[in-house]
Amino acid sequence: WVIGSPPCTDFSVLGRWNHRRMKIEHVRRGFRETRRHLEFCVVLYRDQLARGKHFLHEHLLGASSWNEGCIEVFAGKPCVSTTVGHMCRYDMRVDNELGVNKLVMKPTRWLSSSEAMLRRLSSKCQRDHEHGSLLNGKAAQAAIYPDKLCVEILKGMRDTIIEHDVNQELEDEWRSQHMINSLVHAGHHED
């Protein structure tokens, strides 16, 4: 597995708000670096697919990185899918201004070659709790994966292996049945 979660600062709405306070050359350099990082991730993902392996990519749902050419083209491959999950379902939290720990929704889009993985990461908020805000410097707290999310990613890896093994067994069984049927059919012609 390769898991890519390149910094989305320059691709996020909050990051773009900060650009107004920065020198234009710093903004341009930041975009060049983040694009290069994103393109490198796609090279790694392609390599994984070529070797019959899996990858997982994550960025905010609203990040402009999803519109970058390298991601758009790669996401269009038939063996690649996406889903959206809300991070509050994985216990992502930030401390608010009063120091109270609050769940954050942080809609996140995932890209992967594993449907089993994407099923694990597609939980949506049930709207049965309050959400904290990522404004006022809180976004950095939400850049750290909570334990529950890490466990779900590991379970997604496990589920992928199990599904692959089951599919391999079914394919082997089909081959065996096909061979038996061919032998039986060939034996009937000899009689």
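**Exercise 1.** Find the distance between the closest N and O atoms of Arg93 and Asp91, then work out how exposed the two partners are.

*Solution.* Start with the pair: Arg93 and Asp91 make a salt bridge, and their closest N and O atoms are 2.8 Å apart. To count as a salt bridge, a side-chain nitrogen of Lys or Arg has to be within 4 Å of a carboxyl oxygen of Asp or Glu. Before going on, note that this is a predicted model, where local features need pLDDT of at least 70, side-chain atom pairs count only at pLDDT 80 or more, and totals for chains, interfaces and linings use all residues. Numbering runs from 1 along each chain as its sequence is written, and side-chain values use heavy atoms, with hydrogens and water left out.

Next, exposure. Buried means under 20% relative accessible area, exposed means over 50%, and partly exposed is in between (1.4 Å probe, protein chains only). Arg93 has 34%, so it is partly exposed. Asp91 is partly exposed too, at 36%.

Last, look at the backbone of Asp91. This residue sits in the loop between strand S3 (81-86) and strand S4 (93-95); strands (E, at least two residues) and helices (H or I, at least four) are DSSP runs, numbered from the N terminus. Asp91 isn't a glycine, yet its phi is positive, about 70°.

**Exercise 2.** Which parts of the chain does the salt bridge between Arg35 and Glu68 tie together?

*Solution.* First the contact: the closest N and O atoms of Arg35 and Glu68 are 2.9 Å apart. Now place each end. Arg35 is in helix H2 (residues 24-50), while Glu68 is in the loop between strand S2 (55-60) and helix H3 (69-75), so the bridge ties together parts 33 residues apart in sequence.

**Exercise 3.** Where do Lys102 and Glu130 lie, and which residues are linked in a network of salt bridges?

*Solution.* Lys102 and Glu130 form a salt bridge, with 2.9 Å between the closest N and O atoms. Lys102 belongs to strand S5 (residues 101-103) and Glu130 to the loop between helix H4 (115-120) and helix H5 (147-190), so this pair ties together parts 28 residues apart in sequence. Glu130 is exposed, at 59%. Arg127 is also in the loop between H4 and H5; it is exposed at 60%, and its phi is positive, near 60°.

For the network, pick out Arg120, Glu152, Lys155, Arg158 and Asp159. The whole structure has 9 salt bridges.

**Exercise 4.** Which residues make the nonpolar surface patch of about 270 Å²?

*Solution.* The answer is Ile162, Val166 and Leu170. Patch residues have over 30% relative accessible area and no salt bridge; nonpolar side chains (Val, Leu, Ile, Met, Phe, Trp, Tyr) are joined within 5 Å, like charges within 9 Å. Accessible areas come from the Shrake-Rupley method with a 1.4 Å probe; for residues, only the protein chains shown count as cover. Take Leu170 as a check: this residue is in helix H5 and is exposed at 54%.
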